[in-house]
Amino acid sequence: MSNSKPYAISKQVVLTAYQRVKANGGSAGIDGVDFGKFEEDLKGNLYRIWNRMSSGSYFPPPVKVVEIPKKTGGVRRLGVPTIGDRVAQMVTKLYFEPDVEPIFHKDSYGYRPGKSAVDAVGQARQRCWKFNYVIEFDIKGLFDSIDHELLKKAVRKHAKEPWIEIYVDRWLKAPFMDGNGVMTERECGTPQGGVISPVLTNLFLHYAFDVWITRRYPDAPFERYADDAIIHCKSEKEAMEILSSLEKRLKECKLEIHPLKTKIVYCQDKDRTREYPVTRFDFLGYTFQKKFIKDKLGRLKFNFLPAMSLKLGKAFREKVKAMNLHRLSGNKIEMIAEAINPMVRGWLNYFKKCCPSAMKYTMDCLNRSLVKWAMQKYKRFSGHRKLAEEW
């Protein structure tokens, strides 16, 4: 590290940043440079990033826009920075995240070290037994709506290095570029897909929501994963009051609650038997609702529990069916395993945490596909489904 540079940025941190960016994978940005091409001159590329960042002369290139279809209709705009820009953002994240991580609320779970969506679901499960009502809410177009001036004010408050504020400001202003080369200037938002965006989003919502609700309604705990959040309330009256106040608060921060994804839910179970129009909600891939369970004495009782979302189960089954495994009878079982294991492993690891029995129907679909493959692959199983199932 040279003492002649105005900003002290470690070359080792730049190398670490590249290693993390590569581990995350991803496609090329607007320059078309993938990891293979970037590594043809890895030392030179990393030196240029360090040199420009430490001298204050780094300016990010435009962000490539990729439109991803939503399951609910419409599209989500994903920003894809160049690999070099991702490295620069990761450098900033490695310096800035330790500054803000200690101030974040314990019930903020999204994109934070040592926290996960499963942790949020587990905490929500416990609190749904203690609180009768839940406010399920979603912030409309959060990544496209974050106010730059409010965000930069928060960054200025916590950044220990002066260059962090400079580069965050430049990343916020970096224009979008579509597949036709058309540039779009940005006046608000932080690109969904940027390396630094999750930290900035958490910082913005820390002040827009977490701090506000903790001070205003200390007896109404919450779980938040980025823009997906729920609030626990003791009564319907309290829930209605909080929701009304929340809408006003978010408007002050230039955000808007998604009207179709926001509702008050009654946590109905064996002890809470009131008739209510909404008694279920979805949170992070799990559906929370009244379910039959066996108590310690083996008796069937109702309880309010999370289980794999029916929508996600259906989507997984459709994905399995689309693989047409029975048509791959020419492949060895090791190749079949290599194709399905990453998908199945991730799915099982996430959804087995709560109510694993809810996965049975979906796993049966996978097993049926494998049975059909085995009957096509091995002659001894042809016409003998039961034998193939046992295998």
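This is a predicted model: local features need pLDDT of at least 70, side-chain atom pairs count only at pLDDT 80 or more; totals for chains, interfaces and linings use all residues.
**Helix packing**

The table lists the two pairs.

| Helix pair | Angle between axes | Distance between axes |
|---|---|---|
| α11 (residues 310-322) and α13 (residues 360-377) | about 5 degrees | 9 Å |
| α9 (residues 197-216) and α10 (residues 236-252) | about 140 degrees | 11 Å |

Helices α11 and α13 pack at an angle of about 5 degrees, and angles under 35 degrees count as roughly parallel, so α11 is roughly parallel to α13. On the α11 side, the contact is made by G313, F316, R317, V320 and K321. Their partners in α13 are Y361, T362, C365, L366 and S369. By class, this contact has five nonpolar, three polar and two charged residues.

The angle of about 140 degrees between α9 and α10 makes α9 oblique to α10. The crossing of α9 past α10 is right-handed. Here Y207, A208, F209, W212, I213 and R216 of α9 meet I242, S245, L246, R249 and L250 of α10. The contact of α9 with α10 divides into eight nonpolar residues, one polar and two charged.

**Nonpolar cores**

In soluble globular proteins, nonpolar side chains tend to be buried together. The largest nonpolar core of this model has 66 residues. Within this core, M53, I135, W163 and I231 touch the most other members. Helix α9 gives the most to the core, with nine residues.

Setting aside neighbours within four places in sequence, M53 is in contact with Y7, I9, Y58, A88, V91, T92, W163 and Y167. A second, separate core has 33 residues, among them Y109, A117, V344 and M359.

Note on methods
Residues are numbered from 1 along each chain as its sequence is written. Side-chain values use heavy atoms; hydrogens and water are left out. Axes are lines fitted to C-alpha atoms, for helices over the stretch in contact, and angles run from 0 to 180 degrees between N-to-C directions. Helices (H or I, at least four residues) and strands (E, at least two) are DSSP runs, numbered from the N terminus. Angles under 35 degrees count as roughly parallel, over 145 as roughly antiparallel, 65 to 115 as roughly perpendicular and the rest as oblique. Contact means heavy atoms within 4.5 Å. Ala, Val, Leu, Ile, Met, Phe, Trp, Tyr, Cys and Pro count as nonpolar, Asp, Glu, Lys and Arg as charged, and the others, Gly among them, as polar. A nonpolar core is a set of buried Ala, Val, Leu, Ile, Met, Phe, Trp, Tyr and Cys residues joined through side-chain atoms within 4.5 Å. Buried means under 20% relative accessible area, exposed over 50%, partly exposed in between (1.4 Å probe, protein chains only). A crossing is left-handed if the near helix is turned anticlockwise from the far one by less than a right angle, and right-handed if clockwise.
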